[in-house]
Amino acid sequence: MSEISPSLVLIILSGALVAIGVYLILERSLTRIIIGVSLASNGINVMILIAGGKAGSPPLIGRADPRPMSDPLPQAFALTSIVITLGITAFLLAMAYRSWQLNGHDEVQDDLEDRRIANRALREAIARRRLDDDGTAVEDDAATVRDDTGGETGDELAAAKAAARRAAAAARSGMGIHGETDRRRR
């Protein structure tokens with residue numbers, strides 16, 4: 001095994017922290033998002049330190065042999081990452097606190113564009129379901145197909161259904177079929 005090969009435990013730890021962090025970031029609660037950001041950033045810090053190789057002497061020129069020195073660049077990246085994570089965490093904590101004050105919860109709401117995208121996907125799914133196997137619309141086929149149970153075509157059946165709906169609506173509103181009120185008939 002080579003000197004610079006990282007420990008398998010650290011690689012698994014880094015992967016697990018990032019995976020759990022990403023899972024929590026995808027949740028709707030700001031508290032879970034904050035925990036997810038912290039876990040993912042810690043996993044990335046471990047990954048950066050793994051990339052630095054085996055630990056050696058402090059990287060001070062003139063103090064030791066330059067060969068077993070640690071690489072200072074991954075350490076600088078990790079420190080920078082820690083500072084950035086601290087700032088993001090403070091901002092997210094302020095957002096969660098303000099959301100709790102205003103709404104009584106820290107749930108992240110959908111924005112208007114998210115709802116538009118979801119509605120468009122629903123409309124496209126409905127449009128795909130309205131086509132037959134040969135690609136023609138179901139309504140077009142219904143107008144030409146004969147109904148074997150009643151002997152009516154699709155247009156006649158649609159007209160009968162519309163008349164039944166009008167009669168039901170008239171009965172609910174207290175009007176007769178021809179438009180007169182039930183009180184006049186009594």
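How many salt bridges does the structure hold? There are two salt bridges here, and they get their own panels below. A quick note on ground rules: this is a predicted model, so local features need pLDDT of at least 70 and side-chain atom pairs count only at pLDDT 80 or more, while totals for chains, interfaces and linings use all residues. Residues are numbered from 1 along each chain as its sequence is written, and side-chain values use heavy atoms, with hydrogens and water left out.

View 1. The secondary structure comes to seven helices and zero strands, where helices (H or I, at least four residues) and strands (E, at least two) are DSSP runs numbered from the N terminus. Along the sequence, that reads α-α-α-α-α-α-α. Of the 186 residues in the chain, 16% are buried; buried means under 20% relative accessible area, exposed over 50%, and partly exposed in between (1.4 Å probe, protein chains only). The accessible surface comes to about 14,300 Å², with 62% of it belonging to carbon and sulfur atoms; areas come from the Shrake-Rupley method with a 1.4 Å probe, and for residues only the protein chains shown count as cover. Take the contacts (heavy atoms within 4.5 Å) between residues at least 6 apart in sequence: 42% of them join residues at least 24 apart.

View 2. Helix α1 covers residues 8-25, and its 18 residues should span 26 Å at 1.5 Å a residue, which agrees with the 26 Å between its end C-alpha atoms. The expected span is 1.5 Å times one less than the number of residues. Ser14, Leu17, Gly21 and Leu24 are the buried residues of α1. They sit on the same side of α1, because they cover an arc of only 105° around the axis; the arc is that of the directions from the helix axis to the C-beta atoms.

**View 3. The largest nonpolar core draws on α2 and α3.** Six residues make up this core: Leu30, Ile33, Ile34, Val37, Leu92 and Ala96. By nonpolar core we mean a set of buried Ala, Val, Leu, Ile, Met, Phe, Trp, Tyr and Cys residues joined through side-chain atoms within 4.5 Å. Both α2 (30-51) and α3 (72-103) supply at least two residues of the core, and α2 has the largest share, with four. Leu92 touches Ile33, Ile34 and Val37, leaving aside residues up to four places away in sequence.

**View 4. Helix α3, from end to end.** Just after α3, Gly104 takes a positive phi of about 85°.

**View 5. Glu27 pairs with Arg32.** The closest N and O atoms of this salt bridge are 3.5 Å apart; the cut-off is a side-chain nitrogen of Lys or Arg within 4 Å of a carboxyl oxygen of Asp or Glu. Glu27 is partly exposed at 25% relative accessibility, and Arg32 is partly exposed at 44%.

**View 6. Glu113 meets Arg116 within helix α4.** Their side chains form a salt bridge at 3.5 Å, N to O. Both residues lie in α4 (residues 112-129), three residues apart, about one turn of the helix.
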